[in-house]
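Welcome! Here is a short briefing to read alongside the structure.

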Amino acid sequence: MIILKKLLKRKLAVFGLIIIFTAIILAIFAPIIAPFSPNEQFFDGLTIEGAPLGPEAGFLLGTDLLGRDLLSRIIHGSRTSLVIGVVANGVAVFIGAFVGIVAGYFRGWIGSVLMRITDLMMAFPALLLAIVLAAIFQPSIWIVAMVIAMVNWVQVARIMYAETISLSEREFIDAERSLGASRIRILFKHITPHLIPSLIVFGTLGISTTVLLEATLSYLGVGVQPPIPSWGNIIFENQTYFATAPWLVAFPGIAIVTLALAFNLVGDALREILDPTMKGRS
Amino acid sequence: MIGFLSRRVFESALILIGITFITFLLLFVLPADPVRQIAGRSATPEVIANIRHQLGLDLPFYQQYWRYFVNLLQGDFGRSYLQKSEVAELIKARLPASLLLMAAGIFAELLIGLAMGIISSLRRGGKTDNILMVVSFVGVSAPQFAVGILMLYFFAVKLAWFPIGGYGTWQHLVLPALTMGFMGAGWYSRMMRSSMLNVLEQDFIRTAKAKGLGKLKVIMRHAVPNAILPIIAMIGIDIGLFVSGMIVVESVFGWPGIGQLAWQAIQRVDIPIIMGVTLVAAFFIVIGNFIADVISIFVDPRIKLK
């Protein structure tokens, strides 16, 4: 609650929260809010030559190359972005936290092996790996989310590793140990709670990265597959028309930037409030 | 120092070997069958078995990997399944274009990012600072493919200042380089800002001011060079982002580099090319990280050589 109060004092964070809230509402109530079905191809949705319509009275943001309403597709696309953003990033943060904390707390050979794997993943060209993985498994929304999680956990693991190590060397941990607390008790009662601020911050910032990666994979055609609308695959489907119908790229593009920006703004504000580097505390 | 360097070289080599193994494993379990693609739909089972044997794909996993690895050490990346040419040749032919794009992208992101960061730090807390920092956030939130396509629309289609795509003159390079640098500029402006704020508080800046140097001289001679060093090290770490950017930007602008090569190979399941490009990219990432480590030691000798 204190965190929320502090967040609401920052203009940019409030702006970000409003966007995120709007996106959630749009995603939940997409069928009610959207003026048309995202997949309906309108007979009057194309010009006589068969080109997409520009923004006009009937179709607020115009139509795409198949004569579907762009606004409705963008509204339904918010579901894809949010579901993948939250699920993929949640899994990534979970894996990253697990690997980082285990490696940092138990060290020894488990720690070495885990951190060498992390180093290996750092050297992998992330997008290339994601594309190969997405090509191996037939992409559905959940597969795309898992692929992104498998690529994105690495940063979290490194941060958690460093923080766990510095925490476990602090005096209050020594004190607990000398009082006879077990290793597991120290880990769950005294180490993990101190890592939560960082997890919240990187959990928020990571959604932004995830939204962008999903859009990129879908743009390359290996992410979420049409006809399920995703902001990335709307651009993928329509890019041949970019010279005559730039709104087909601009509107979904704006949607991606706005959502990613919102999570970045909130995440950055949280970082300043929670100060996870613990500069102010040690 | 020498001990540290040799250990880092050894670690880097291990990482590269690990990457050959993982990539090989991933592509080994790939359900798509390259033999069917080469042979075509109407091929008889005998023809398919024959091709499989020729490519060595009927061997068990460890033998295939070992063969690949030994060839790799001799600089042989294998042959493309579909283009019938040496992967090493294909990559060699396309690498200069990618390196040019990468260099231009780094130049663009530093030029824009550092300028924004310096101005911001000098106007700390003011309106300019706030606006620039919001702009930097928009930069890191913008997907490269959309930025690229919209740049094409405005600067190539509408204004016709630059060609719509392709490769050759410096005009071809401007838009792809800006697209590559756009996201990085956002990060670098934020890092440069905080690095500058750090330096501006130091005693030697006060001394420089006290001895009567003009404001511009203090900033350009004393503050900026000291603030820039830690940021230069970051470029090495960013090579991975550039490799990802290359695939997207090269496919938007039709830039004939290794990103486009990889992208086409993935669509055709041309495994030797995918392996080759992944390894070359990983090689650059490892080198980049290595250089970043070395630079940070020179920048800040307090870093322990552990």
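Buried means under 20% relative accessible area, exposed means over 50%, and partly exposed lies in between, using a 1.4 Å probe and protein chains only. By that rule A:R107, at 34% relative accessibility, counts as partly exposed. The model is predicted, so local features need pLDDT of at least 70 and side-chain atom pairs count only at pLDDT 80 or more, while totals for chains, interfaces and linings use all residues. Residues are numbered from 1 along each chain as its sequence is written, chains are lettered from A and ligands numbered from 1 in the order in which they are written, and side-chain values use heavy atoms, leaving out hydrogens and water.

**Backbone spots in chain A**

- A:R107 sits in the loop between α4 (70-106) and α5 (108-123) of chain A; helices here are DSSP runs (H or I, at least four residues), numbered from the N terminus.
- Phi of A:R107 is near 45°, a positive value in a residue other than glycine.
- The peptide bond from A:P226 to A:P227 is cis, with omega near 10°.
- A:P227 belongs to the loop between α9 (183-219) and α10 (231-238) of chain A.

**A nonpolar patch and a covered helix**

- A:F21, A:I24, A:I25, A:I28, A:F29, A:I32 and A:I33 make a nonpolar surface patch of about 670 Å².
- Patch residues have over 30% relative accessible area and no salt bridge, and nonpolar side chains (Val, Leu, Ile, Met, Phe, Trp, Tyr) are joined within 5 Å; the areas come from the Shrake-Rupley method with a 1.4 Å probe, where only the protein chains shown count as cover for residues.
- Helix α2 of chain A gives the patch its largest share, 4 residues.
- A:F21 lies in helix α2 of chain A and is exposed, with a relative accessible area of 55%.
- Helix α6 (residues 126-136) of chain A is mostly covered, with 9 of its 11 residues buried; among them are A:L127, A:A130 and A:I136.

**Where the chains meet**

- The contact (heavy atoms within 4.5 Å) takes 41 residues from chain B and 38 residues from chain A.
- Chain B and chain A bury about 3400 Å² between them, 85% of it on carbon and sulfur atoms; buried area is the accessible area (1.4 Å probe) that two parts lose on being put together, summed over both.
- The rule finds 1 salt bridge across this interface, meaning a side-chain nitrogen of Lys or Arg within 4 Å of a carboxyl oxygen of Asp or Glu.
- A:D268 forms a salt bridge with B:R190, and their closest N and O atoms are 3.4 Å apart.

Terms used
Patch = residues over 30% accessible without salt bridge, like charges linked within 9 Å, V, L, I, M, F, W, Y side chains within 5 Å. Helix = DSSP H or I, 4+ residues; strand = E, 2+ residues; numbered from the N terminus.
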